[in-house]
Amino acid sequence: MRLAPFRSSVLFRTTFPRFPYSSYSYHRHRRHYNTKDVRQKLQRISSVFRGTLLYPLIFISWFPIIWFFHTHVFQLMWVTGRSMYPFLNTDMNERPSRDVLAVSMWNPTEGLRRGDVVIFRSPTHPNVVAVKRVIALEGDTVLTRDPYPVAQQEISLGHVWVEGEHPEHTRWSYDSNTYGAVSTSLIIGRAKGVVWPWSRRSSISADGWRGSSRVIQRGPEDGLHIIP
């Protein structure tokens, strides 16, 4: 009797089945795998990534710049109330529309002049942002209105005197005649123009202000004179 030589490959094939993820199986089935389907799946994954992750990431990366610009450079602000009527909200008696101001937030107290329209935090209610006109700077003396307790007040260092412009001042304007001079540290912006309503768009500057006869200005040589 003659014995056949031992063949390990035969024993392996008969004893141990090939695994589905073996190299043999991969090469045998690779030709049946559609590469077009792979590209389509990758494109779908890419579109999902762009829609759910990419755009939010872009917004998050730009958010600090947007926040800095909005807080320290420029803002649009809506004016409510009657204290600056008729200079602002001129049509408020005819329609409920409100003026929209372009406000510069960059160094608002630098070069501050009498007649500038400023935006500041109320000394008595810090959460309230008010808009008023600066009529006197530090060193000036103001002839006050009711309900201020004294007839005249000298403006101390680092402060300004602000007032509204409504004809019925005592009734409609809550300003320095109520809470006194305002610290310049509370000023957060300076109005540069009206951008809405479109028919009333215009720039705002201290050059167009006629002054107040109630302000005694301290001159460059410490002399006093009434502002015309």
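Student: What share of the residues counts as buried?
Tutor: Of the protein's 228 residues, 32% are buried, where buried means under 20% relative accessible area, exposed means over 50% and partly exposed is in between, using a 1.4 Å probe and protein chains only. Keep in mind that this is a predicted model: local features need pLDDT of at least 70, side-chain atom pairs count only at pLDDT 80 or more, and totals for chains, interfaces and linings use all residues. Residues are numbered from 1 along each chain as its sequence is written, and side-chain values use heavy atoms, with hydrogens and water left out.

Student: OK, and how many helices and strands are there?
Tutor: The protein has 5 helices and 12 strands.

Student: What about the inside? Which residues have the most contacts within the largest nonpolar core?
Tutor: Leu88, Leu101, Val131 and Ile204 do, in a core of 13 residues. A nonpolar core is a set of buried Ala, Val, Leu, Ile, Met, Phe, Trp, Tyr and Cys residues joined through side-chain atoms within 4.5 Å. Strand E2 (100–104), strand E3 (117–121) and strand E9 (187–196) each give two or more residues to this core. A second, separate core has 11 residues, including Phe120, Val162, Tyr179 and Ile187.

Student: What does Ile204 touch?
Tutor: Leaving out residues up to four places away in sequence, Ile204 touches Phe87, Leu88, Leu101, Val117, Ala191, Lys192, Gly193 and Val194. A contact here means heavy atoms within 4.5 Å.

Student: Switching to the outside: which residues form the nonpolar surface patch?
Tutor: Among them are Leu57, Phe63, Trp67 and Trp106, and the patch has about 1200 Å² of accessible area together. Leu57 is in helix H3 (residues 35–72). Patches use residues with over 30% relative accessible area and no salt bridge, joining nonpolar side chains (Val, Leu, Ile, Met, Phe, Trp, Tyr) within 5 Å and like charges within 9 Å. The areas come from the Shrake-Rupley method with a 1.4 Å probe, and for residues only the protein chains shown count as cover.

Student: How many salt bridges does a search of the whole structure find?
Tutor: It finds 7, a salt bridge being a side-chain nitrogen of Lys or Arg within 4 Å of a carboxyl oxygen of Asp or Glu. In one of them, Asp207 pairs with Arg113, with the closest N and O atoms 2.9 Å apart. Asp207 sits in the loop between strand E10 (202–203) and strand E11 (215–218), while Arg113 is in the loop between E2 and E3, 94 residues apart.

Student: Is Asp207 buried or exposed?
Tutor: Asp207 is exposed, at 61% relative accessible area, and Arg113 is partly exposed, at 38%.

Student: And how about the bridge between Asp140 and Arg114: what is its N to O distance?
Tutor: That one is 2.7 Å. Asp140 is buried, with a relative accessible area of 0%, whereas Arg114 is partly exposed at 21%.

Student: Where does Glu165 lie, and what does its pair tie together?
Tutor: Glu165 is in the loop between strand E7 (159–163) and helix H4 (169–172) and Arg133 is in strand E4, so the pair ties together parts 32 residues apart in sequence. Their closest N and O atoms are 2.2 Å apart.

Conventions
Helices (H or I, at least four residues) and strands (E, at least two) are DSSP runs, numbered from the N terminus.
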